[in-house]
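Work through each exercise with the structure open beside you.

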Amino acid sequence: MNNYTLIKAGKEHLQTIHDMAEVAFRHTYREMLSLDQIDYMMEWMYSLPSLEQQLESGHVYYIALQGDEPCGYISVQYEGDVEGKAMFHLHKIYILPNWQGKGLGRILFEKALDFARTHAQGKPLAIELNMNRENPALHFYQHMGLKILRQGDFHIGNGYYMNDYILGYSED
């Protein structure tokens, strides 16, 4: 089994997140989206100014390392209380292709759960995430206990849409 270290990312880690996204995000969506849409989304979500703004607005990033080598990342954000539950959004969970299938997805998801439990302040928690409806990772998320709650087509600009399932995890 691989031993990973998870570090909370600060501004000094934004280039690392960007560089991992250049590989992991592009790899994930290469067969689902056009290259133009991937380029648009990379600029929208992973440019350094966008990443900095995300940190400032409450996204918390964790980077997984194997030794000194970055392997993957997550981004989770507290969104407030909804129907008596502390609601969190798992914005991003990506693993570099050469690290996939080695248990890191579970470790990163469990880190998101730990973060949510710590920040739920004793309230039941709920986590939602958006996932492209064509993404084969659906089975992974269902194995982690998430369920499809709804789906939507979300306009993101420049004529592009995210055609997503919204998955949810809840602890009562």
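**Exercise 1.** Find how Asp114 and Arg117 are paired in this predicted model, and work out how their places in helix 4 relate.

*Solution.* Begin with the distance: the closest N and O atoms of Asp114 and Arg117 are 3.7 Å apart. The cut-off for a salt bridge is within 4 Å, so this pair forms one. Next, look at the positions: both residues sit in helix 4, and because they are 3 residues apart, about one helical turn separates them. Finally, check accessibility: Asp114 is partly exposed at 40%, and Arg117 is partly exposed at 39%.

**Exercise 2.** Which residues are joined with Lys11 into one network? Describe the link between Lys11 and Glu56.

*Solution.* Salt bridges with shared partners connect Lys11, Glu52 and Glu56 in one network. With 56% relative accessibility, Glu56 is exposed; Lys11, at 49%, is partly exposed.

**Exercise 3.** Where do Lys123 and Asp81 lie, and how far apart are their closest N and O atoms?

*Solution.* Start with the atoms: the closest N and O of this salt bridge are 2.4 Å apart. Then place the residues: Lys123 is in the loop between helix 4 and strand 5, and Asp81 is in strand 3, so the pair ties together parts 42 residues apart in sequence. Lys123 is partly exposed at 33%, and Asp81 is partly exposed at 43%.

Technical notes:
Residues numbered from 1 in each chain as written. Predicted model: local features only at pLDDT ≥ 70, side-chain atom pairs only at ≥ 80, totals over all residues. Heavy atoms only, no water. Salt bridge = Lys/Arg side-chain N within 4 Å of Asp/Glu carboxyl O. Buried < 20%, exposed > 50% of the residue type's maximum accessible area, 1.4 Å probe, protein only. Helix = DSSP H or I, 4+ residues; strand = E, 2+ residues; numbered from the N terminus.
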